[in-house]
Every structure is written in structure tokens, then in C-alpha cells.
Protein chains: 2
Amino acid sequence: MSELDELARRRGFFFQANEAYGGVSGFYTYGPEGAALKRNVEETWRDRFVTREGNMEIDAPTVTPEPVFEASGHLDGFDDMLVECAECGDSHRADHVVEDTTDIEDAETYPTGKVEDIIAEHDLACPSCGAPLAGQSVDEFNLMFETSIGPGSGQPGYLRPETAQGMFTEFPRLKEYARNQLPFGAAQIGAGYRNEISPRNALVRAREFTMAELEYFVDPEGEGPDLSRVEDVELPLYPAGAQEADGEEYLHLTPREALDEGVVGDEWVAYFLARSKAWFERVGVDMERFRFRQHLPGELAHYASDCWDAEGEVDGDWIELEGVASRTDYDLSKHSEHADDTFTVFKQYDEPKTVERATVDPDMSYLGPEFGGDAGAVADALEALAARDRSAFDGDEVTVEVDGDEVTVPTEKTGFSVEEVTESGRHIVPHVVEPAFGVGRAVYTVLAHNYDTDEVEGETRDVLRLPAEVSPTTVGVFPLMDKDGLGDTARDLAADLREAGLSVTYDDSGNIGRRYRRQDEVGTPYCVTVDYESLEDGTVTLRDRDTTDQVRVDADDLGDVLRSLRDGDREFAEL
Amino acid sequence: MSELDELARRRGFFFQANEAYGGVSGFYTYGPEGAALKRNVEETWRDRFVTREGNMEIDAPTVTPEPVFEASGHLDGFDDMLVECAECGDSHRADHVVEDTTDIEDAETYPTGKVEDIIAEHDLACPSCGAPLAGQSVDEFNLMFETSIGPGSGQPGYLRPETAQGMFTEFPRLKEYARNQLPFGAAQIGAGYRNEISPRNALVRAREFTMAELEYFVDPEGEGPDLSRVEDVELPLYPAGAQEADGEEYLHLTPREALDEGVVGDEWVAYFLARSKAWFERVGVDMERFRFRQHLPGELAHYASDCWDAEGEVDGDWIELEGVASRTDYDLSKHSEHADDTFTVFKQYDEPKTVERATVDPDMSYLGPEFGGDAGAVADALEALAARDRSAFDGDEVTVEVDGDEVTVPTEKTGFSVEEVTESGRHIVPHVVEPAFGVGRAVYTVLAHNYDTDEVEGETRDVLRLPAEVSPTTVGVFPLMDKDGLGDTARDLAADLREAGLSVTYDDSGNIGRRYRRQDEVGTPYCVTVDYESLEDGTVTLRDRDTTDQVRVDADDLGDVLRSLRDGDREFAEL
């Protein structure tokens, strides 16, 4: 176990769930400190991606009926490659076995047969017991947790693998809340589930995790974002080309430059990359170990026109923290096909347009006797043809296909005409730009990037240099001792600070140095000590976590001082 | 659909999930307004039951391995009675069928055979199709959603039916964070799941729901709560006795009085009833339609020594909003038996105690030849007997039972002795007092209790009189029109108010009256209008939702004014 994992467990950030029952891989519980840190991280995300962008946030169930995932493609395609060891029975991700033991880096994109061949050719062994895996079948394993809804045989349901489908399936309602105006965004922070074959690396590849996803619905022909709002942001970009050339050099470009140079193709993607970078910096991700990596052509989902992953480096590995994808009209079109509702938005023209529209009005007294039960289908085919290719009606006869057979109808029986109609607008399928964040991964990276050890008064100290805004506790309040009224004064002060909206811990056990250490380890940026001088003049000692500097502050001002420090309006050194 | 349900859907509070796919009973999505209301309700709960009580909050996974529910008893006992109609195939809760159509009120507590008999005797019919149900079997149906963790046959897992088990299974760690000091509380706000046979009544009996649970761990012999902190709270109590006498009269007692009169048996239960009442009032539950109903002896879980449900009345039905139960040492004892960890707390004595302890040191050279393979069991039985009843060793022979057989051993071979040992404390199993809230039910009741229609300027208006603290939006900001700089001024003002920590909506579409109505319907307590006067003198119109009164306020003071109104520090009439 790493020092960080050990601290995370000892101080209550996170640990494997249900360890008293042996635990199950891929499930973690956030302890008191971790749950508070996670909530604060989520709150800053809400502030940045919902409130300040004027987007909506919803809260949809995690158990989802099967037809949703038929439409989304998860039922068919949300698979990993599974190989089981004949010797020990352990299951492994076949592509990981290949990638970990050969030079091949993209086994994930290969068909299962090819992976079977590679395992045989390279004579790869089971990572658990060392037995040969050659000859074992490699199968697609669907990563959704399945359950059954209702009594008896019930109906199949799945734990959502992402929160996104909630925003897509409820789109018909959400667009009404948005008064049918594009662009608008709908977001969700909540649980996602993936029945990983072999979970690893704590919060990084868990089976149950928290996501924060924004689905931003845009008119593909509409106005883009106001890039002047992010003109100062420099994006550390690692484009596909540089990766393929095995380069490790990043471009440092503003969103505008990245678009002008063709590095990023979509304005909204560029905009959200900039907003994302600022957010990651705000919650404490080290910008020296942060980049946006473009998906390689083979990695890109077939519907995505561009995708960039925000990545943070921890212990030499790059962890995917976010994906920003341009998903085109894929999601809403799929649900439009499968569901019984309207996934389009009516786009009003600036002025009504007069357009020519070709229509048919077939002579059913002719089609009926001629085509019998197919007459209706012939009429439909004529109507579709008129809309598609009006020149087909130029001759004496029109040919259409019905159920695979060619059928010919005299043009005069089709009632073909071209009319002028006035349209006030048209129905369009919005495109989706999706910034999707893994909250647990962000929390993990923030902990890793802010965990530090230094030396204080000759002793090594563990310190979490978390930004004050996301620290589980903003201020620790200590009486020098719990006697002579010091305890009561400190307790009253703690209550006042809580009332002022601060997150406060009161601690009177052990010597002051030990209490400071305890707060340093959980990232509390400030500590206040009530001593005998406090009883006389109403001042207290305020101590800064990072520098361990101390100043005396009037207790009456403390709420304002701490709030301004937390919100970044003031620096400790200025006090 | 009720007016409230219609409003809830139209204005984005809640609606059935995945309706584009027909929906599935018991699953609801909170729209933008509902998600915000729910978050605010949760936030006040956190403030009241976690922060101000100095408790911990954790965040555990929802997918839970089977052994946890073996220990908790859910695997065996978390059942409802199911009867299927032979004619139409619909499933029903057999006890509900009985209760809805006969005078019997507690069919839930009957064995399945008895319910089968009642159905036959009363010739009860299927509620869906009217076919007779007599002769159909009534079966126990486990309400946990089951799934499978990991590939292949995997291992069984269940979606937690309550959040409580997270606090119990992680107790060995939580007590360390609490530095082994009782009492302490651990809480969780999160999803719970029950695979209801026939979900009904929207958010009231859903299959996926949000709970807020506090597990408060106490020393059964320790100090109780400081009841002076709740001495002014009057509890509307509906004790079991009054219910059995078919009375509808409630007692109105303070916690102290309720304890002194023996109405409430446990001090911590009385304390949390008081805290709960204040919380329900704070979030907007109508105290005229609120009571605490004691569980009847038949309703009480076998381990619970007392339980009271907070109930709110909606449309003539009393909805269970919370249960406050004294769960004794049941939970931790069960986990202690089943799990591989310590669920006790070491309780230090004020001073070390010298106690006599009876021990044995059996002569194995005698027991071995005499009892063969049972010798160890005989030794264990002797040790247990010595701890239990030292007088058994007074005679020449000692008799113990081993595997059902009586075995006699000469006392001199037992090595019996009584020693004086010094103990600094002892291990105790904490008792649990649990206030467990249904968040969705609270949200639903708050909406129902605050939904109102009145008449404004001759027109009927729908208005949600939500407390400002939980309203999805605190203030709507409108320009009179979006021209002459009014729009820009209003947008700047909205941004400033957001910066000041308020939840703000900006709206410039439609006439002002319509914009007011829109905010009234979602419970926004205050609206601000920027007009031509604003451009001249910097004042704006501030309008109160409930009275529709308006005052002019300096725009620079608006943040402070609105915050103090929201926090209840000032009344609108005082402005």
C-alpha cells in the first residue's frame, strides 16, 4: 500500500468497502474526510459547469430499463475482452494481458480472435498463477450490472454505466424547460457502475463510481461559444499526431489558437477544454502534471467527431480524468429511432421562408385494384420519392421499390405537384458536446498531487496542501487546554464560525503540536488556538498550514478573515 | 394526475423516468427545480444532523456483497407478500389486497398461510382484472434488487435497501475516527432500493429513493443527551395506546415530559424526535399535518425497543417521513457474529478496577486419554462454566455438557482458581439510535404542503410557498425589457448576486406578470425588476412571492438584503 493509500485509510479519506467481510474489489467507501472532500469537489463542479453556465441539473435513477441501452448501444457494445485461466479459474482482461506483456499498446481495439492469436503466438501466461493461456477463448463481456425489476421473472434492468443517458432520454422534457432554445446544457452528478473484469488502482478503476457529466445541446449551424471569455487560458494539448510520432511535446495554445491552427476541430470542445482546465486547477490538480490528450483515430467512438481526455499524472501513470467529446447527433438520433417521443427542437427562422415542396396525392382508385394490400406502401414510397427527387416525376411513369420489388405507376395517377409553402422554421436534431468527469479519479489525483512531507521543528510531517475551497475542514479550533474557561471560549468560537458558514473542527485532545499535525494530514488550511491572552484581549493565534506561520487576529474578525482566505480574496502573508 | 403532480412535471420538479420508453413504475427523475429543492433539503439535513451535532458523514457503495445482508437479516427477512393473478398474471401485495378490501388493518404482520386463507374466505378479487384470487399461493418475495459482481458466475451482490449497513459494517474504522469515544454518530445521504411488488404514489413508494440516515452509537450505561437543548420543543405524539383505543388525540409534550410520563422510553429517541420536528418545520412541512406515531407492538422489529414514525398528512393519507428507532445492540452484535472484525468499543473505567476472575487450567494429561478428540471441547466448556458459575467448582466433581452429552471431571483436574486482576476498562457493544429519513417523501410532502392557489389581480395563481432556504431559486432577476441597457444591467446584477452566494434565475422573456407567475410556481421567494428608474438612481423593485408586495431597494444592498431574508434574519415587511 502506498503512503497515500495508508493515509487515506487512517485519516478517513477512502478505503475498501466492507473489509470486515473480506471486501470486494472495485468498491470503496469514502470516510468522513473523503466524503467532505468529494462533496466540495462536486460543489465547485456544480458552480462552474451548472450555475455559472446557466445550465440545468437533474437527478435520474440509476436502475434503468433495457430498451434505453438497446437504443444507446450499451447492450451490444459495452464490452471488455475476457479470458479465463483454465488452471486457476481467475478472469482477466485479455487486452490488458497482451498490453502488459508485449509491445502492443492498443490491443483493446482488436477483435477477440486476433487477441486469442496473439496470446497463443506469444505464449502468454495467466497473471495470477502463471499457467499458459494459449487456447483459451477470449470473449466479449458486457460491463453493465444486470438486475430484474419487479416480481416473478420481472423485466431486465441495468445499473447505468454513465449518467448521460438520463439527460438523453429526458430530452423531450428538458427542451421544454429550456423553452426550446438552443444551446442549453443538462448535467448530472451521480453514480455510475461498470462490472470491471479486474478492477485495479483504488478509485481509478472502480466498479461503482461518481461521475459529473454535462450534455450540452447545440444547433450545429448555430452560433458558437463566446471564446473571449476563455481567451487567457492556455491549453496543454497532446494531439493525436504527436502521440503517433511518439513525441512527448505538448502544444500550449489558447482555445482560439487551437481552433485556428486546426488542432481542435470544434469550438464548443475548445471552450469546454478551457473551462475544464480552470476547474482542475481550482480543485488542486497540479498543472505541471496535467494535459489534454486527443483520442487516436482507433480510440474514437464511431459517432464522435473529436474527443480529448483530460489526464493527470500519478506515480508515472496518466489517469483519464475527463473526456470532452463532440458526439454529433448520435445520441438523440438513436433515441429518436427507438423511443416514442420527439428528440428534435423546432428552430424558428428569423423570417418565415417560402419554399417549394413536392407532394403526391395518389389516385387510390387506381392503386387499390392494381396493388391490393400493397397500395398503401406504394403511396408512401411515392411520397418519399417526391421529397427526395422530384425529377423522377418528369416522365410518364414513375418507378418505386416496395418490399424489394420494383413497381411502376403512371405519373398522372400519382397526383404529383409542387407547391409553395411558408415555413416558420424546421425541426433539427441537436448535436451534443459532452464534458464527462470521473469525480473519484479527480479526488484521487487531487490527494496524490497535494500529499507532501516536509520537516517542521525537526520532525517529518505529512501534509495535504489542498486548496482551502475543497478542504474537508476550513479551520481547526483548539483551546490551549480545556480549563480556566479556555475550552468554553474555544467552543463558542467554533459555534460562531460554523454559524458564519465555515467548516469547523473543534479539538482539545493531546498537545497543540499533535493537533496541528492531525489537521495538516487532512488538509485543514487554518488552525486557531485560544490561549490565556485570548481571555484578556480577545485575540487568537491563527496558523497557516503550508508555511506554519502564525499571526494574532481579533476573534471578532475571524469569520470574515477566514472566509476571505478561503475564497482567495486575501493571502495569509497579508494579514 | 393531481394538480400538484401536473405542476411537478410541467415545471420540472419530478416525473416518471424514461417515459419516452414507456417508463417503469417506481422510478422517478427529479427535473432541474426538483433536483435543486432536494439538494437544499439534504443540505439542511446535513447542517442539522451532521454538522451541528458534530457527527461524521460517509459515502459507501450501493452494491453490497451478500454476507452483509446475511448478517443484517435482509436476505432472510426483507420480504413482502406476493400473490399473482392466475387470470391476468399481474402481481400484487397480498397484504394490501386484504387491507384494501376488508376491515383487517395489519395483514402485513400475518403469516402467508393466514393471508391465503383470508383471501379464500373473503373471495377477494384481483385488483387489475377482477378474477378471483382464492387458491393462489401467497409467497414471500425478497425486496432486494439482486445482481452479480464480476465475470462468469460472479458473486451475488444486492443494491442496498437502506444506507444504514454502510455505517455498521465500517464501524471498526469509524470508531477509530471517533477515537473510541462514545457517543458518536455516523450518517449517510444516498440511494436506497426496494424492488416493490406494486409501487404506488409517486415519490412515496418508489423502487429507487434517497435516504438520510444517522446511526448514533451510544453507551447504554452512559450519559444521555443534554435535553435542555430541546426543552422548548413540543412533540405531537400519537402513542400506541391511543391508536389501539382508536383515538385521534395527540399528546403535546416536551421531550422531558414525554420521558417523565413514560410515553417515550429512551432519552436519545426523545432528543432526536425534537431535533427532527424542528427540521421538518424548517424545510416547510406543515406542523398542523404532522405527528409522531409510535409503532404498535406488532409493528415493532423484534430487536427494536421503541420506534416512532414522523408522519405527514397528504390528501388524507399519513405518509411515513422518518423512523426514529432504538435498535439496541442488534446491528453491531449481528455483524460481530458474522464478520471478521471488532464491533465493540473499549470503555475505560474512571479508575482501574480490581476484580476477581475465575479461571481453569485443565490437566490435559488427564483429559486427553479420558476424552480423546473431545478433550479440547471439554476444556472450553470448563472455562465457560468457570466464568459463568464458579460455585459449580465447589464440589469434588464438575459436570459440563459437550455436544449434548454430560461429562464429569474431577475438580482437581480442572486447575480451577480465582485470581485478582486489574482491569482498566471493558469492551462494550454500543447501542444504536437511528433517525432514518426518506428524502423523496420529505420533498413530496413539502411540495404538497406548500402548494397553494390564490387570486392576484383578478387571476388565479399557482404558488409554492416554500421556505426561502430550500427554494430551488432564491431570486429571479428581470429587466423590464431587454433594451436601452436594462438587459445588461439586470444580467450584471444577476452575476453579482450569484457571486454573493445566492441562487439566481435571469429571465427576460414575456411580460413581467408572466415572469412573476413562472417564479411563483417554482417557489422563488423574491423577484427583482430592473427598470428605467434603476438606470437613474440605482434602485430596483424587490417583490415578495407570498404577499406580492413590492419595495424599492438599492441594488448595491441587494445581496445583503436577500441573504438576510433567506436566512430568516429579517422579514420582508420590515424593509
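Predicted model: local features only at pLDDT ≥ 70, side-chain atom pairs only at ≥ 80, totals over all residues.
Start with the interface. On the chain B side, 72 residues are in contact with 71 residues of chain A. Putting the two chains together buries about 5,700 Å², and carbon and sulfur atoms give 56% of that area.

Ten salt bridges are counted between chain B and chain A. One of the pairs joined this way is Lys38(B) and Asp59(A), whose closest N and O atoms sit 2.7 Å apart. As for polar contacts, 41 residue pairs between chain B and chain A make them, with both residues at pLDDT 80 or more. Helix 2 of chain B, residues 32-51, supplies the largest share of the side that touches chain A, namely six residues. Sorted by class, that side of chain B comes out at 31 nonpolar, 19 polar and 22 charged residues.

Moving on to the glutamate, Glu53(B) is found in the loop that runs between helix 2 and strand 3 (56-57) of chain B. Its relative accessible area is 14%, and because the cut-off for buried is under 20%, Glu53(B) counts as buried. Leaving aside residues up to four places away in sequence, Glu53(B) touches Arg48(B), Arg229(B), Tyr271(B) and Arg275(B). Put together, the picture for Glu53(B) is a loop residue that is buried and has Arg48(B), Arg229(B) and Arg275(B) among the residues it touches.

Conventions
Residues numbered from 1 in each chain as written. Chains lettered and ligands numbered in written order. Heavy atoms only, no water. Contact = heavy atoms within 4.5 Å. Buried area = accessible area lost by both parts, 1.4 Å probe. Salt bridge = Lys/Arg side-chain N within 4 Å of Asp/Glu carboxyl O. Polar contact = N/O pair within 3.5 Å; in protein donor to acceptor, adjacent residues only side chain to side chain. Helix = DSSP H or I, 4+ residues; strand = E, 2+ residues; numbered from the N terminus. Nonpolar A, V, L, I, M, F, W, Y, C, P; charged D, E, K, R; others polar. Buried < 20%, exposed > 50% of the residue type's maximum accessible area, 1.4 Å probe, protein only.
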